[in-house]
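Welcome! Take a moment to look at the sequence and the 3D structure shown here, and keep them open as you read.

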Amino acid sequence: MLGMLLYQMTVKLWYMSLGWKWAVCMLHTTAVNRTPGKLECVGLVVPGSRLRLLKKTGETKTGYSTELVFVDEPESGAARPALVAHNPLLANRLIKKALHDGIISELSHLKQYEIKAEAKITDSFRVDFAYRDPGDGMAIKALVEVKSVCLADYNPETCPDRSGAVFVNPVTPYQRHALFPYGRSGQKFEGQKVVSARAIKHVQHLISHRGDAEAYLLFLVTRGDCTAMRPCHEACPVFARELRQAVASGLKVLVYNVSFNEDGTVDWCGRLPFVLPELEQSDIES
């Protein structure tokens, strides 16, 4: 408990230095509020949503970016309303700190190695974090790719009546699961429509280097109302299929959770279960 509190306080100093302000969303995207990753596509931002904005510096198209969103939904349970962080840069910054502080137990055996952020592995592959051995010519010992997870599923009995980004969890009793990836299938991967070709390529790159180094895919769930995380096969069956194949080939998947608070603190909530459901035959053949 003491470790969690000290970590929370340390993160707060960084979080409060960013110059946040609150706003109420009147439109999905306004001249002073650009939603990273188009939050409206996943149903997080609707007219009337409370947003946490970050003032931009320099010459930018908009004056503020949306970083956090209040989500008031019955599925959040005791965590209602939930503060959801969407900007993937927040996830990478928090994981970077967690790696340096050594609080991810599954990676503690790598603590003697140097951590390199945005490490170039090949001409076509950069990984978020690489563990390198200074005593062995900076040989790479482990690769860690981070994915920020802000979308969650819904209870069939209380799900919102809207199109897009409403995926239900029929299991009873209902427990909320975080989902990745999210968005529209507007990209192509090997001739198939996908949400994120880049995410699929990251999975393939990780497993292709597994023989030379340990390979980890780390999902950070940036909301405090989920009990587990799973790939969103409803939005992107190709990603779910590739991830399942990679796990079978030795890719290690970690899921961790943080929860943001109104007072500017960030709680490190620990590990969440990773659920890898069986795919439908149509998904496997797609």
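Leaving aside its neighbours within four places in sequence, which residues is H202 in contact with?

## Starting with H202

This is a predicted model, so please read each value below as computed from that prediction. H202 is in contact with F125, R126, E145 and K147, once neighbours within four places in sequence are left aside. You can find H202 in helix α3. H202 counts as buried because its relative accessibility is 6%, and buried means under 20%.

H202 and F125 are 77 residues apart in sequence, while their C-alpha atoms are 7.7 Å apart in space.

## The chain as a whole

The chain has 286 residues, and 49% of them count as buried.

How do contacts relate to distance along the sequence? Taking the contacts in the chain with a separation of 6 or more, 63% are between residues 24 or more positions apart.

The largest nonpolar core has 48 residues. Those that touch the most other members are F180, L206, F219, V221, M229, F239 and L251. Helix α3, residues 197–208, supplies the largest share of this core, with five residues. A second, separate core has 29 residues, including L94, A98, A142 and L254.

Beyond its neighbours within four places in sequence, F180 is in contact with K147, S148, V149, A199, F219, M229, R230, P231, C232 and F239.

Is A215 buried or exposed? A215 is buried, because its relative accessible area is 2% and the cut-off for buried is under 20%. Not counting residues up to four places away in sequence, A215 touches L143, L206, L251 and K252. The C-alpha atoms of A215 and V203 are separated by 9.4 Å, and these two residues are twelve residues apart along the chain.

## Aromatic rings

How many aromatic pairs does the structure hold? There are five aromatic pairs. In one of them, the rings of Y256 and W268 have centres 5.4 Å apart and planes at 25 degrees, so the pair is stacked. The angle matters here because planes under 30 degrees apart count as stacked. This pair links distant parts of the chain: Y256 is in strand β14 (residues 252–260) and W268 is in strand β15 (residues 266–271), twelve residues apart.

Both partners can be checked for burial as well. Y256 is buried, with a relative accessible area of 4%, and W268 counts as buried at 8% relative accessibility. Elsewhere in the model, ring pairs link F180, Y182, F219, F239 and F274 into a cluster.

## One cavity

Next, look for a cavity. The structure holds one cavity of 30 Å³ or more. The largest cavity has a volume of about 40 Å³.

Ten residues line the largest cavity, and L44, L151, A152, Y154 and R223 lie nearest its centre. What is the lining like by class? Six of the lining residues are nonpolar, four are charged and none is polar.

Most residues other than glycine have a negative phi, and most peptide bonds are trans.

The peptide bond from T172 to P173 is cis, with omega near -5 degrees. P173 lies in the loop between β8 (151–152) and β9 (177–180). Another cis peptide bond joins F180 and P181, where omega is about 0 degrees. P181 is in the loop between β9 and β10 (187–189).

E118 is not a glycine, but its phi is near 50 degrees. E118 lies in strand β5, residues 114–122, and is partly exposed, with a relative accessible area of 44%. M138 is not a glycine either, and has a positive phi of about 60 degrees. M138 lies in the loop between β6 (125–133) and β7 (139–149), and is partly exposed, with a relative accessible area of 30%.

Definitions and conventions. Residues are numbered from 1 along each chain as its sequence is written. This is a predicted model: local features need pLDDT of at least 70, side-chain atom pairs count only at pLDDT 80 or more; totals for chains, interfaces and linings use all residues. Side-chain values use heavy atoms; hydrogens and water are left out. On a 1 Å grid over the protein atoms alone, a cavity is a set of points where a 1.4 Å probe fits but cannot get out, and a pocket is an open set with protein on both sides within 12 Å along at least five of seven lines; lining residues have an atom within 4 Å of a point. Grid points are joined across faces, edges and corners, and a volume is the space filled by probe spheres set on the points. Ala, Val, Leu, Ile, Met, Phe, Trp, Tyr, Cys and Pro count as nonpolar, Asp, Glu, Lys and Arg as charged, and the others, Gly among them, as polar. A nonpolar core is a set of buried Ala, Val, Leu, Ile, Met, Phe, Trp, Tyr and Cys residues joined through side-chain atoms within 4.5 Å. Buried means under 20% relative accessible area, exposed over 50%, partly exposed in between (1.4 Å probe, protein chains only). Helices (H or I, at least four residues) and strands (E, at least two) are DSSP runs, numbered from the N terminus. Contact means heavy atoms within 4.5 Å. Rings of Phe, Tyr and Trp (its six-membered ring) pair if their centres lie within 6.5 Å; planes under 30 degrees apart count as stacked, over 60 as edge-to-face and the rest as tilted.
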